[in-house]
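Here are some notes on the packing of the nonpolar and aromatic side chains, to be read alongside the model.

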Amino acid sequence: MATLKALRIRIGSVSSSEKITGAMKMISSAKVHKNELELKRLVPFRSQVTSIMDHLLATGLDFQSPLIVNREVKRVAVVVFGSDDGLCGAYNINIFKYLLSHLSYLREKYGDKVEITVIPIGKKMANATKKLNIPEIAVNLPEEGIDSKMAGATVNDFTKGLQKGFEDTTYDLVETVYMRFFSMSRQRPQVAVLFPVSPDVEKNDGSAAKDDNKFYLFEPDPDSIFNEVLPMFVLSTMQEITIENRASEQAARVMAMQSANDNAKKLLEELQLEYNKLRQQAITTELLDILGGQTER
């Protein structure tokens, strides 16, 4: 009977775990959809900024901006995004492994003397990067409030700080390592260069944009507009990276909770079967004892 009691307790515990993982999966799914909506809301602004950049670049003029200056790379800042919470499977591990691979690539490309500053976003990534023991690589923890859940205004302030670091030559190259969101079941680690800015022109040869430019009058002048739009381009890029990384985290948590839920169901079935066997065995033993007692009489 002691075994039956222990099994009942264990079945209750597993059943509770199944309900908890199911609830967490639903919450994470809702957060994924919320982040997807945020990405969709960002698209019109980003598309408009990109369109303006396309038309400006299609003029063929030489634009001047401190944000597009390519310097000899001696100091690199790598902003790596992780999570503040756990229970998201191998999400942080995959990003950290990708970070190590990218750091090796940077040292190979720019030499072992290149100074690399890693800026981790999220408690889990901060704890992981603290263990880095590579020469010429420093870990610079961000200010309080800058984490994987930071609001849009905080993202903008953080990005402007990186921009200032590039402009005053604290960094010659600023990159981000994050998890790009494709779908609920597909996320991939990726690197994006923030500074120097190299905006992607959607037109392959710029001919369509050049044709459209005859309908545009640039005031006060293309260069002034370029220098106003360029920081907006960077901010929209960073906003997109932050939201995609957040969506990837929640998607990874959905998959982890689904796996945990499936394992709990399987274990619950096995425990229930074992419980029924032991219960039937106990009932059979009691019946045999009763029949044995009647025979003795």
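**Aromatic pairs and nonpolar cores**

1. Phe63 has a relative accessibility of 10% and therefore counts as buried; the model in which this value was computed is a predicted one. Phe226, at 2% relative accessibility, counts as buried too.

2. A search of the whole structure finds 2 aromatic pairs. In one of them the ring centres of Phe63 and Phe226 are 4.5 Å apart with the planes at 20°, so the pair is stacked. This pair links distant parts of the chain, since Phe63 belongs to the loop between helix 1 and strand 1 while Phe226 belongs to helix 6, 163 residues apart.

3. Phe166 and Phe195 also form a stacked aromatic pair, with 5.6 Å from centre to centre and 20° between the planes. Phe166 is in helix 4 and Phe195 in strand 5, so the pair ties together parts that are 29 residues apart in sequence. Phe166 counts as buried because its relative accessibility is 0%, and Phe195 likewise counts as buried at 0%.

4. The charged end of Arg71 sits over the ring of Phe166, 4.4 Å from its centre, and Arg46 lies over the face of Phe233, at 5.4 Å from the ring centre.

5. The largest nonpolar core has 31 residues, and Phe195 is among those with the most contacts inside it, as are Phe81, Ile119 and Phe158. Elements giving two or more residues to this core include helix 1, strand 2 and helix 4, whereas its largest share, 8 residues, comes from helix 6. Apart from this core lies another, of 22 residues, including Val76, Cys88, Phe96 and Leu99.

Technical notes: Residues numbered from 1 in each chain as written. Predicted model: local features only at pLDDT ≥ 70, side-chain atom pairs only at ≥ 80, totals over all residues. Heavy atoms only, no water. Core = buried A, V, L, I, M, F, W, Y, C linked by side-chain atoms within 4.5 Å. Buried < 20%, exposed > 50% of the residue type's maximum accessible area, 1.4 Å probe, protein only. Helix = DSSP H or I, 4+ residues; strand = E, 2+ residues; numbered from the N terminus. Phe/Tyr/Trp six-rings, centres within 6.5 Å; stacked < 30°, edge-to-face > 60°. Lys NZ or Arg CZ within 6 Å of the ring centre and 35° of its normal.
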